[in-house]
Amino acid sequence: MKAEELRSVQTPLKERYREAPDDALITLRAQGRLGEGVSCRIETGKALVEAGLHPATGGSGQSACSGDMLLEALVACAGVTLNAVATSLGIELRDASLQAEGDLDFRGTLGVSKEVPVGFQAIRLQITLDTDATEEQLDTLLRLTERYCVVYQTLAHPPALSVARKPVTS
C-alpha cells in the first residue's frame, strides 16, 4: 500500500471521528470456552486457537501458551503499526522483523512464592529494519510506532481491569 492509498482510507475515518467522537469508541471482544483437559478454546475471528498450560507449569506444549499469545499480539500490533507509519511517512522498508521477549518467574504463577509476582517482569520488543532511511527518520518511525501501537500502549499504561461472574442464561 502506498501513502496516498492509506491516506485515502484513513482520512474519511479521521474526519468522521473528529465530527462524531463517539463513533471512534469501539468495544473489541474475545471469547473462549473450556476445552479438553486444562485448556481454553479461543475464537480469533480467523482461526480457532486452543490455549493450555505452558510446559513450565505442567503443560504438554501441544497447546498455545497465553503468555506467548500476548507477546505475539505485541509483535503483530507493532508490526502493523510500524508498516502503517512507514507508509505514511514515505519510508521504504525493504524488510523488517520484530521479536518480543518476556521474562516470567513461574514460582509466582504456581503459588510457590508469594513474593514473586505473577506475570511478565520485563518485556523487550526488538525491531530490525532493512532500509536506507536516515537516523532521524528511523527515530521518528520508532517513536510513532511506540506511540500508536495499541498493544504496546496497553501494556505500558494498563487500563482498569476487572473480572466478574456472569450468570448462565438458557
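Cys 77 is buried, with a relative accessible area of 15%, where buried means under 20%, exposed over 50% and partly exposed in between, computed with a 1.4 Å probe and protein chains only. The closest cysteine sulfur to that of Cys 77 belongs to Cys 149 and lies 3.3 Å away, too far for a bond, because a disulfide is counted as a pair of cysteine sulfur atoms within 2.5 Å. This is a predicted model, in which local features need pLDDT of at least 70 and side-chain atom pairs count only at pLDDT 80 or more, whereas totals for chains, interfaces and linings use all residues. Residues are numbered from 1 along each chain as its sequence is written, and side-chain values use heavy atoms, with hydrogens and water left out.

Cys 65 is also buried, at 13% relative accessibility, and its sulfur is 13 Å from the closest cysteine sulfur, in Cys 40, which is again too far for a bond. By this rule the count of disulfides comes to zero.

Turning to the loop between β3 (48-52) and β4 (64-65), one finds Gly 61 there, and with 42% relative accessibility Gly 61 counts as partly exposed. Gly 61 and Gly 35 are separated by 26 residues in sequence and by 15 Å in space, C-alpha to C-alpha.

Leu 13 is partly exposed as well, with a relative accessible area of 34%.

How values were computed
Helix = DSSP H or I, 4+ residues; strand = E, 2+ residues; numbered from the N terminus.
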